[in-house]
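Come along and check each entry against the picture.

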Amino acid sequence: MFKLAKEPTFRHQVEAKVPVDGGFEDQSFEVTFRAIDAEEAEGYDMGDAMSQTAFFKRIIVELHDIGDAEGKPVPYSDAVRDQVLRLPWAKKAIAKTYFASLRGERLGN
């Protein structure tokens with residue numbers, strides 16, 4: 001049976017390549033996403049920084065497995081979400097995972 005949810009959500013692991021001295025470090029966290037329909041998604045201009053940020057705020061329900069610089073867990077809040085969204089490598093990884101998930105693709109090597 002195909003189920004129609006009013007506002008579907010799903011949780012996926014996000015793999016980010018974080019810049020470090022001399023290269024990158026693979027770090028992961030999970031995101032509970034809100035699936036939005038194509039018509040709503042088309043209303044966002046991904047070339048405009050404010051519209052892009054509004055898109056991310058709309059699709060992110062919650063971030064999981066986020067820690068501070070020492071690795072101590074940080075509880076989810078809008079402020080934490082906004083801090084993560086200021087990191088270009090995090091935004092790139094979130095977008096890649098979200099769109100691949102909607103297409104039914106598996107991310108990996």
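This is a predicted model: local features need pLDDT of at least 70, side-chain atom pairs count only at pLDDT 80 or more; totals for chains, interfaces and linings use all residues.

I sorted the lining of the second largest pocket by residue type and found 10 nonpolar, four polar and two charged residues. I then looked up the volume, and the second largest pocket holds about 400 Å³ of space. Its lining has 16 residues, and Gln27, Ile66, Gly67, Val84 and Leu87 are the closest to the centre.

Which strands and helices each supply at least two residues of this lining? I noted strand S1 (9-20), strand S2 (23-34), helix H3 (78-85) and helix H4 (88-103).

Entry two, the helix pair. Two packed helices are described by an angle and a distance between their axes, so I looked up both. The axes of H2 (residues 49-59) and H4 come within 12 Å and cross at roughly 55°. That angle makes H2 oblique to H4. The crossing is left-handed.

Last, I listed who touches whom. From H2 come Gln52, Thr53, Phe55, Phe56 and Ile59, and they meet Lys91, Ile94, Ala95, Tyr98 and Phe99 of H4. I counted seven nonpolar residues in this contact, with two polar and one charged.

Definitions and conventions
Residues are numbered from 1 along each chain as its sequence is written. Side-chain values use heavy atoms; hydrogens and water are left out. On a 1 Å grid over the protein atoms alone, a cavity is a set of points where a 1.4 Å probe fits but cannot get out, and a pocket is an open set with protein on both sides within 12 Å along at least five of seven lines; lining residues have an atom within 4 Å of a point. Grid points are joined across faces, edges and corners, and a volume is the space filled by probe spheres set on the points. Helices (H or I, at least four residues) and strands (E, at least two) are DSSP runs, numbered from the N terminus. Ala, Val, Leu, Ile, Met, Phe, Trp, Tyr, Cys and Pro count as nonpolar, Asp, Glu, Lys and Arg as charged, and the others, Gly among them, as polar. Axes are lines fitted to C-alpha atoms, for helices over the stretch in contact, and angles run from 0 to 180 degrees between N-to-C directions. Angles under 35 degrees count as roughly parallel, over 145 as roughly antiparallel, 65 to 115 as roughly perpendicular and the rest as oblique. A crossing is left-handed if the near helix is turned anticlockwise from the far one by less than a right angle, and right-handed if clockwise. Contact means heavy atoms within 4.5 Å.
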